[in-house]
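Welcome! Please take a moment to look over the sequence and the 3D view below, and then we will walk through the structure together.

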Amino acid sequence: MRSADLFSHVTRVRSGAPLVHCLTNLVVTNFTANVLLAIGAAPAMVVAREEVAEFAPIASALSVNLGTLDEPQARAIRLAVDAARDAGTPWALDPVAVGPLSFRTAFAFDLLDAKPAVIRGNASEIISLSGGAASGRGVDSTAATDAALDAAQVLALKTQAIVAVTGATDYITDGKRVVALANGSPLMTRVTGVGCALSATVAAFVGAASRAEWFDATVAAIAYSTIAGELAARDAAMPGSFAVAYLDRLASVDEATFDKTLVQRDIASA
Amino acid sequence: MRSADLFSHVTRVRSGAPLVHCLTNLVVTNFTANVLLAIGAAPAMVVAREEVAEFAPIASALSVNLGTLDEPQARAIRLAVDAARDAGTPWALDPVAVGPLSFRTAFAFDLLDAKPAVIRGNASEIISLSGGAASGRGVDSTAATDAALDAAQVLALKTQAIVAVTGATDYITDGKRVVALANGSPLMTRVTGVGCALSATVAAFVGAASRAEWFDATVAAIAYSTIAGELAARDAAMPGSFAVAYLDRLASVDEATFDKTLVQRDIASA
Amino acid sequence: MRSADLFSHVTRVRSGAPLVHCLTNLVVTNFTANVLLAIGAAPAMVVAREEVAEFAPIASALSVNLGTLDEPQARAIRLAVDAARDAGTPWALDPVAVGPLSFRTAFAFDLLDAKPAVIRGNASEIISLSGGAASGRGVDSTAATDAALDAAQVLALKTQAIVAVTGATDYITDGKRVVALANGSPLMTRVTGVGCALSATVAAFVGAASRAEWFDATVAAIAYSTIAGELAARDAAMPGSFAVAYLDRLASVDEATFDKTLVQRDIASA
């Protein structure tokens, strides 16, 4: 995909400030909100069963993350995704640790009928959600993203969602098309919430795009975030200062730097 | 107001380390605690229905924020504010996103009978809570603070609370007196929780003051925080490093710098 | 204890990446996860009643913190510690603010029958949990650690846990042996969650050790963390930048620096 087309989605988020409704986990709420503010979006963590349905039509997009799912949150998420579907608000699913834990796994499968626009996870999570047997031990992915590409395509065809498997190489597919991206830094795995916040970023980009552009918007969100991570790793070699630099880079990467840094891989040789 | 008088409240918080009981939202608990520690106060996030009433008489002040209100938290907040009122512990209300969301809006109106010492919000929130029709879309304020000054005075007279409307210009009023402050930086809106933590800071300042000084203490808290923000924006131009610099400045601004930076506006010409 | 033996536990955490299941408070979840990632461990904040028991056998260790305990979390913690005990997964208890607040105090005493491997608290908390009368006002400790050493030994003998009282001087005891450490910085008390994350770090070190090494692993975890804090205070004098530097130092302290910085105190002269 053309770098300029991808960067146009960055510009659109910055100028449009999409309102992203997040139902996410307790560990990453703060970091996710700061990532959304850094990219120019507007975070809204409305969590109560009493309010989520009222908020769905106001929001540009909804981001759902199962990281610290419990029964009350599951009820709120169900109401929120149903309201989003009814209102035509696109929503993104981050199936954290789906596979080894049965409660969230069953819940994630149930959610698929509410038609997520995008599903973003690591290799283990995407393999599990596609119906395969993965070997995760929670948020860590023990499977390489390459192995999950087939699963991602199966899942995309089954759900009609765009599926993104992120890792050293990131794959984005709608079941037919596949884009592979190779930016980023291992430091992105040393700060909690980078992956979770990436799902919220995808939601923001999709929320600022038309339906026909959701695939491109997802690729743009992941390219932009991993490029910011790669540049931040040049600024800071340790995780505390890397997290600060990552937010700074998300707020400041310009089109020329984006273009110069972007690495897309040829799928055939991936 | 005289700069030296305002700074005396800063000194009093630093030496007295008021214990601030916070019932706040999930997004900002960590940042709020770090802001309170930076200004020299002692944060205590005691949240359980079983404990809040027991803690109210121990605390110097209570800070209540409705950002991620749900039914269990509403019950805990009700118990906490009633215990605070009975114990004579002053409490501050931050009516996050009151207006567009009915559950929290009804709850915020109900809370007013427990006599908050201070109400701090953005323009949309204060207009809504005063009974007017605002046009918020959540935590963002779409109304300028100027437009909210009338509403703030109405709300202050109705509730006998000090009301602070914060934004590019900050107004603090008890219904009769009005102080306008014009410090700060747009970067304060690019870090989640700066406004929420400001409410906790107001609670800390009020908790370290006598009842007759609550108005001055509120002005001092807002002047101090916005000056720290303005100085931090000179240290750091991007949101990640700005958040770090803001905490550093909150912990270190001295009286001479405070005096040199403070901008009060004449209300007549505001 | 020999510095090289202590540092071997640091190396073991870095290479083994123990999976630490955390049931902790709302204020410090993010910081705790980032501390665990910085030391090379893998955090997992699995919190739901439906999942905690399923996760206990997968985890290398469990870290329990009572900072924002409420009834639903109490039920989840009970299930988690019982499952950990049954699975032979060691668990650490951080009895935040036990003493002045009755709900959590009663709960903490109940938990002792599930045999924590380590209990880490400040002086007030350890005195309270040993059955004495402390004078805390919450998370602050108003008692010096010296005064808590007797209480720590009593508690260790009663529970067969390793007990660590942390403060300006840190004491670690199994009821018979006592090690005193004197590293650290007052800045560690100006950042929320440093103490809570220390308990999770102890859990990680214990989770990477054999049962016979739990005492040494606890000493190593506290020595390592306080040395990182002391070094971070040389990098940064204010709390915002100190927190960043602390994470960076946790990720990077090497054996030579550890050895040069470590201060153990002779107990007889303490």
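Predicted model: local features only at pLDDT ≥ 70, side-chain atom pairs only at ≥ 80, totals over all residues.

**The fold of chain A**

Chain A contains 11 helices and 9 strands. Its C-alpha trace spans about 45 × 40 × 35 Å along the principal axes. For 270 residues, a compact globule would have a radius of gyration near 18 Å, and the 17 Å of chain A agrees with that.

**A look at one residue**

Where does A:His9 sit in chain A? You will find A:His9 in helix H1, which covers residues 3-16. Is A:His9 buried or exposed? A:His9 has 5% relative accessibility, and buried means under 20%, so A:His9 counts as buried. Which residues does A:His9 contact, leaving aside its neighbours within four places in sequence? The partners are A:Phe205, A:Ala209, A:Glu213, A:Asp216, A:Ala217 and A:Ala220.

**Where chain A meets chain B**

Now let us turn to the neighbouring chains, starting with chain B. Here 26 residues of chain A are in contact with 26 residues of chain B. Together the two chains bury about 2100 Å², and 60% of this area is on carbon and sulfur atoms. There are 9 residue pairs in polar contact between chain A and chain B, with both residues at pLDDT 80 or more.

On the side of chain A that touches chain B, two or more residues come from each of helix H2 (29-39), strand S2 (42-44), helix H3 (52-55) and helix H10 (239-250) of chain A. Which element gives the most to this side of chain A? That is H2(A), with 6 residues. Sorted by class, the side of chain A that touches chain B has 17 nonpolar, 5 polar and 4 charged residues.

The count of salt bridges between chain A and chain B is 1, and A:Glu51 and B:Arg104 form a salt bridge there.

**Where chain C meets chain A**

Next comes the contact of chain A with chain C. This contact takes 26 residues from chain C and 26 residues from chain A. The area buried between them is about 2100 Å², with carbon and sulfur atoms giving 60% of it.

How many residue pairs are in polar contact between chain C and chain A, both at pLDDT 80 or more? The count is 9. The side of chain C that touches chain A draws at least two residues from each of these elements of chain C: helix H2 (29-39), strand S2 (42-44), helix H3 (52-55) and helix H10 (239-250). H2(C) gives the most to this side of chain C, with 6 residues. By class, the side of chain C that touches chain A holds 17 nonpolar, 5 polar and 4 charged residues.

Between chain C and chain A the count is again 1 salt bridge. In this contact, C:Glu51 forms a salt bridge with A:Arg104.

**The salt bridges side by side**

| Glu residue | Arg residue | Closest N and O atoms |
|---|---|---|
| A:Glu51 | B:Arg104 | 2.5 Å |
| C:Glu51 | A:Arg104 | 2.6 Å |

Notes:
Residues numbered from 1 in each chain as written. Chains lettered and ligands numbered in written order. Heavy atoms only, no water. Helix = DSSP H or I, 4+ residues; strand = E, 2+ residues; numbered from the N terminus. Buried < 20%, exposed > 50% of the residue type's maximum accessible area, 1.4 Å probe, protein only. Contact = heavy atoms within 4.5 Å. Buried area = accessible area lost by both parts, 1.4 Å probe. Salt bridge = Lys/Arg side-chain N within 4 Å of Asp/Glu carboxyl O. Polar contact = N/O pair within 3.5 Å; in protein donor to acceptor, adjacent residues only side chain to side chain. Nonpolar A, V, L, I, M, F, W, Y, C, P; charged D, E, K, R; others polar. Rg over C-alpha atoms; globule rule 2.2 N^0.38 Å.
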